[in-house]
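The following exercises are to be worked with the sequence and the coordinates at hand. Each task is followed by a solution in steps.

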Amino acid sequence: MGSKTFDFSLYAITGENYHPGRELKHVMEQALRGGADIVQLRAKDAPKREVLEQARMLRELTAQYQVPLVINDHLDIALAVSADGVHLGQEDLPLAEARAILGPDKIIGISTHNIAQALEAQAGGADYIGVGPVYPTGTKPGRQAVTTAYVREAAERITIPFVAIGGITLDNVDAVLEAGAKRICAVSAIVGSSDPAEACRAFKHRLREYEALS
Ligand code: 3NM
């Protein structure tokens, strides 16, 4: 496990397809204004040069707001822009290799879709895990939803931070929080919103309400 300290409750991930005609910088700045407290650059289909430019821009922006920036998949880009870490899927570079390259101080997050993967990532020194997709989502089509049952299981058995992800909206977030999530992550419900700042404020409000109850 790394020695860094970081914490977050609302994790905003980029998704450019969701805001045609609106600049990535503008949309993510709104999310940060609304209270997103960690940002991930996720640009699965973009050419690498473009991802690098976006990463540079988001590095500057997230530094202004003093929140961590995580890069999906591209370790080289994370290093090139001095991002705080990377997020890796089950098919990406394995955690041990990523840790060997990045060292102890970078954040490494791992997507998990069942408790066995979660326990493996935790034992392997991940800094946080994603738990999802909780609900079916057009952002990752064709993937079986794990439902809030997996969120509940993670809440009982996982000791590192975990973030619930996948199809989470303001209409269903209460069920996710009730299942024990203390951190939530969204693409479409934030960047696809006509008012990302307001969407983030509303998510943060729900997160705080549940935190106060627990
Ligand atoms: N990872 P939205 S679900 C990027 O389960 C991603 O690991 C998932 O987008 C996982 O908030 C997902 O629009 C999509 O559903 C999240």
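**Exercise 1.** In which strand is the place of Ala 164? Determine also whether Ala 164 is buried or exposed.

*Solution.* The model is a predicted one, in which local features need pLDDT of at least 70, side-chain atom pairs count only at pLDDT 80 or more, and totals for chains, interfaces and linings use all residues. Residues are numbered from 1 along each chain as its sequence is written.

Step 1. Ala 164 belongs to strand 7, residues 162-164; strands (E, at least two residues) and helices (H or I, at least four) are DSSP runs numbered from the N terminus.

Step 2. Ala 164 is buried because 30 other C-beta atoms lie within 10 Å. The cut-offs are 20 or more other C-beta atoms within 10 Å for buried, 12 or fewer for exposed, and partly exposed in between, with C-beta atoms placed from the backbone.

Step 3. Residues up to four places away in sequence aside, Ala 164 touches Val 131, Gly 132, Val 134, Val 151, Val 176, Ala 181, Ile 184 and Cys 185; contact requires C-beta atoms, placed from the backbone, within 7 Å.

**Exercise 2.** Describe how helix 1 is covered and how helix 1 crosses helix 2.

*Solution.* Step 1. Within helix 1 (residues 24-34), the buried residues include Val 27, Met 28 and Leu 32. Their cover includes strand 1 (10-13), strand 2 (38-41), helix 2 (48-65), helix 8 (188-191) and helix 9 (196-213).

Step 2. The axes of helix 1 and helix 2 come within 11 Å and cross at roughly 25°. Helix 1 is therefore roughly parallel to helix 2. Axes are lines fitted to C-alpha atoms, for helices over the stretch in contact, and angles run from 0 to 180 degrees between N-to-C directions; angles under 35 degrees count as roughly parallel, over 145 as roughly antiparallel, 65 to 115 as roughly perpendicular and the rest as oblique.

Step 3. On the side of helix 1 the contact is made by Leu 24, Lys 25, Met 28, Glu 29 and Leu 32, and on the side of helix 2 by Gln 54, Met 57, Leu 58, Leu 61 and Tyr 65.

**Exercise 3.** Which residues does UniProt list for "binding site"? Examine the surroundings of Leu 41 and Asn 72.

*Solution.* Step 1. The unreviewed UniProt entry lists Gln 40, Leu 41, Arg 42, Ala 43, Lys 44, Asn 72, Ser 111 and Lys 140. UniProt positions follow the numbering used here, feature names are shortened, and annotations may be inferred rather than shown by experiment.

Step 2. Leu 41 is found in strand 2 and counts as buried, with 29 C-beta neighbours inside 10 Å. Beyond four places in sequence, its contacts include Thr 14, Val 51, Ile 71 and Asn 72.

Step 3. Asn 72 is placed in strand 3, residues 69-72, and counts as buried because it has 21 C-beta neighbours inside 10 Å. Asn 72 touches Gln 40, Leu 41, Arg 42 and His 87, residues up to four places away not being counted.

**Exercise 4.** Where is the place of Gln 66, and where does Ser 82 lie? Examine their backbone and that of Pro 133.

*Solution.* Step 1. Most residues other than glycine have a negative phi, and most peptide bonds are trans.

Step 2. Gln 66, in the loop between helix 2 and strand 3, has a positive phi of about 55°. Gln 66 is exposed, with 8 other C-beta atoms within 10 Å.

Step 3. Ser 82, in the loop between helix 3 (75-80) and strand 4 (85-88), has a positive phi near 55°. Ser 82 is exposed, with 12 other C-beta atoms within 10 Å.

Step 4. The peptide bond from Gly 132 to Pro 133 is cis, with omega near 0°. Pro 133 is placed in the loop between strand 6 (128-131) and helix 6 (147-157).

Terms used. Contact = placed C-beta atoms within 7 Å.
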